[in-house]
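User: I have a two-chain model open and want to go through its packing. Can we take it one question at a time?

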Amino acid sequence: MLYCVWLAIVLASAPALGQSEGTARHDILIKNAIVMTVTHGKITNGSIYIKDGKIAAIGETVNAPAGANVIDAGGKYLTPGIVDSHSHIALDDDVNEATNPITPHMMMKDAFDYQDKAIYRALAGGVTTSLLLHGSANMIGGQAVVIKHKYGAARDEMLFPNAPRSIKFASGENPKRVYGSRDQLPSTRMGNFAVQREALIQAQDYMREWDNYNEKAKRGDKDATPPKHDLKLEALADVLRGKIMVQIHIYRADEMLTEIAMAKEFGYKIRAFHHALEAYKVADQLAANNIAIATFSDWWGFKQEAWDAIPWNATMSMRKGVRVAIKSDSEDYNRRLNQEAAKTMRYGDATEEEALKMITLNPAWIVGVDDRVGSIDVGKDADLVIWEGYPLSSYGVPEKVLIDGDVYFDRSLPGLGTTHYKEGE
Amino acid sequence: MTKPAISFLRSTKCRFFASLGLTILIVMGWARAQDKPVVLRGGKVLTVTHGVIDNGAIVMDAGKITAVGDAGTIHIPGGARVIDVTGMTIYPGLIDSETQLGLTEISAEEMTNDLVELSDEIMPHMHTAEAFHAESALIPVARRNGITNAVIAPESGDTLPGQDSFIQLAGANATEMLLIRDNAMPLNFTGDQRRNKAGFEKRKFPSTRMGLAAQLRQAFLDAQDYELKWSDYERRKADAALNKDKDKKPEPLAPKRDLKSEALLPYLEGKKMIVLAAESPSDLQTAVSLANEFKLKFVLNHISHSQPVLDYVAGLKVPVIVGPIYEAPKEDERYDTVYSLPARLYKRGVKIVFASYSAHNVRNLPDQAGFATAFGLPYDEALKAITINAAEIWGVADQLGSLDVGKTANVVVANGDPLDVKTDVKQVFIAGREVPMSDRQVRLRDEYSK
């Protein structure tokens, strides 16, 4: 943060500096925009200066070097890029390693298909960051990958640099249906939680073995032999060590309480409940445990455990102090998450800023990248969307989408509207 | 044996009574409960057919709209209940042109689903009216959000999955809610009807589009033969009656009844509407030539991937139930290829309507219309596509689809633009009666807000 302040000062006082650095990336000045910052209100005739892919200055007027590329937003809305905290796009058919209910060693990065057009279609809907999660067939699924929607860039450029690790847990109908249909454990919710608890106990034993060994080795015990490396238990041990954030697919309120109790039993923290359609029933407990939710705006009734879903879930939970994100879990809805967020203004009177936060800063927190994206603040990545129409409505459509200060989508362009991806290449 | 279905539909007199019956149902059923006139005064009235009245008023009496006009000058009947709707937007009840309301409750729970009979591809004798569950918890959810009428269609797994019904989303029971039974019949030719999902060793006929087309053609030919057989029988029977005393011939034997063929006859006679579903240009053109071969009267459905042949579509001069516009574009297509389809059809003079194609998400029907305007569809046309256009296609424009005197008083009061996702519906009137603004979800909200 200090660096950012310094940068802003330098830029303000020495506007020519930006150009002289000679980086490949051009500095950009976006002017004449209604800037919805998410964290500090709205600037009606605002400008943003982008330097080296980061937001360097925000205000009614900003000092930018003469050589900066100017984007005149023409009085349109400018928001942070949308963050989708629950997505399964770009994984081909490799969402679920549904061969064992405990697969914490699966790495979604290994399945990441960076050429999937779904990345582009979401980009055109204003999504700049997504958390790609393992499916919910397993009680403990694999580890997520965080991507930026730089469609047309190289694979590794699309990986969110140094994003924290997340793991997918599940509960309820999916695991019991998948394994129950094969006459395997689990086929009930009792079975679900027993499988989860058993795995965590194994991880505790594994940690103990390694701790013992490390201690012996440290003492210089020459007879100490290292335990066998076990990828599965290593991953779970990292959960217990607090090194991996736990993201839990869950619908029913009773299961949320059980998951909270289990997390306490084993000493890890739950980052977010996903889907969480009954969060409104236990919102105070979620708030007390600092557990966020990544929920749908109004999906319901698609299965028994979604029968008590209500469209006020997001706002009721928010008012009890829960950090709420609206997510897609869909390659359809991730193209218009802005509309999904706007529904919270209808169901429970969320303010414009609260609604926008549910698809920007709050999901960024769930993903663990809220210090880098999710709001328009100096020092953050310049992941920005210029909208035609008011974004929190049926009518808002992204005109330009920037990621790390680079335009990746421009609606006015012919063809796909992509700047980095060229058709036929 | 008799064959009442055919005789009934053939008779002009009976057709007249059938349409009269429809009128009576709309007026009588739910309207019985409107005990005194209701006046909504002071809101912005979107009439759909004759513009917007900024400070308007509407009078509803005995289930009908009896006056629409300026708030200052409208005549308020004696004994009327006057509701101040200043700041609100008033518009006609919305019409969803394809839903599965009443055919499902919880999607993943098979026992709650009566969506489509997959045991055969040709099932025109399935009547959604006979599965329609009037007490479904989904109906109040849709209704509370301003959808007052809908077409109930079977799911699209079969080429001919059965017949639609046209419902009103309020009524004491299914009979009251089913305004028109068997109002139309889907003919699905999207490719999804092929029985080719199980791999080569388990495939059954029809596993190709050739198979689907041949099977369909055979079904229509069978129905035509069936019709001939019966008219021949009736002629011989009449002859026999005339010549009873002359030749002592035995009474001719009645042909065996065939429900499938009977169901197809009103469609072959052009009396009822086929809803012709296709996605790609080739499927579309194959299906249209088949429909023309049998002189079917049809509207088009979906055509989400027929962008290359929109001039051809316009040339057919039939309405299109478009989308859903959320249908994903093909891999090589621009992101907004389907979003912009309504606008592109409209520009070519095609009458369009929207459908939710859903049961749980019927309430989101207007969002789709709003979104289409962001891709070039004029606002007024988007609103028409979920009101008057739909009423016209389904043959109920004399009663529904706009705020006009004489129409059924299906009226929505909302806190803003009906096509915006943010807009909250405050009150719905169906046939002039205030619909309870509650549903399962509202009750849960209130229970957990205590």
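User: At what angle do helix 5 and helix 6 of chain B pack?

Analyst: This is a predicted model, so every value is computed from its coordinates. Helix 6 of chain B covers residues 259-268, and its axis lies 9 Å from that of helix 5 of chain B. Angles of 65 to 115 degrees count as roughly perpendicular, and the two helices are therefore roughly perpendicular to each other. The angle is about 90°.

User: Which residues of helix 6 of chain B make the contact with helix 5 of chain B?

Analyst: Helix 5 of chain B brings Ala219(B), Phe220(B), Asp222(B), Ala223(B), Gln224(B), Tyr226(B) and Glu227(B). The residues of this contact divide into seven nonpolar, two polar and three charged. From helix 6 of chain B come Lys260(B), Ser261(B), Leu264(B), Leu265(B) and Leu268(B).

User: What does Phe273(A) touch, leaving out residues up to four places away in sequence?

Analyst: Phe273(A) is among the residues with the most contacts inside the largest nonpolar core. One of its partners, Ile293(A), is also on that list.

User: Which element of chain B gives the largest share of the side that touches chain A?

Analyst: The contact takes 33 residues from chain A and 27 from chain B. Two elements give two or more residues to the chain B side: helix 10 (365-373) and helix 13 (440-449) of chain B. That side divides into 12 nonpolar, seven polar and eight charged residues. The largest share, five residues, comes from helix 13 of chain B.

User: How many residues of helix 10 of chain B are buried?

Analyst: Helix 10 of chain B is mostly covered. Its cover includes helix 11 (337-346) of chain A. Chain B also contributes cover, including strand 6 (94-99), strand 7 (147-152), helix 9 (341-347) and helix 11 (379-384). The buried count is nine of nine residues.

User: How far apart are the C-alpha centres of the two domains of chain B?

Analyst: The domain assignment gives domain 1 as 34-92 + 401-450 and domain 2 as 94-395. The C-alpha centres of domain 1 and domain 2 of chain B lie apart by 31 Å.

User: Which strand of chain B supplies the largest share of the domain 1 side that touches domain 2?

Analyst: In chain B, 22 residues of domain 1 are in contact with 26 residues of domain 2. Strand 15 (411-414), strand 16 (425-430) and helix 13 of chain B each supply at least two residues of the domain 1 side. That side divides into 13 nonpolar, six polar and three charged residues. The largest share, three residues, comes from strand 16 of chain B.

User: Is Asn410(B) buried or exposed?

Analyst: Asn410(B) lies in the loop between helix 12 (388-393) and strand 15 of chain B. Its contacts include Pro92(B), Thr148(B), Leu400(B) and Phe429(B). The cut-off for a buried residue is 20 or more other C-beta atoms within 10 Å. Asn410(B) has 33, so it is buried.

Definitions and conventions: Residues numbered from 1 in each chain as written. Chains lettered and ligands numbered in written order. Predicted model: local features only at pLDDT ≥ 70, side-chain atom pairs only at ≥ 80, totals over all residues. Core = buried A, V, L, I, M, F, W, Y, C linked by C-beta atoms within 7 Å. Buried ≥ 20, exposed ≤ 12 C-beta atoms within 10 Å, placed from the backbone. Contact = placed C-beta atoms within 7 Å. Helix = DSSP H or I, 4+ residues; strand = E, 2+ residues; numbered from the N terminus. Nonpolar A, V, L, I, M, F, W, Y, C, P; charged D, E, K, R; others polar. Axes fitted to C-alpha atoms, helices over the stretch in contact; angles between N-to-C directions. Parallel < 35°, antiparallel > 145°, perpendicular 65-115°, else oblique. Domains from an automatic or database assignment.
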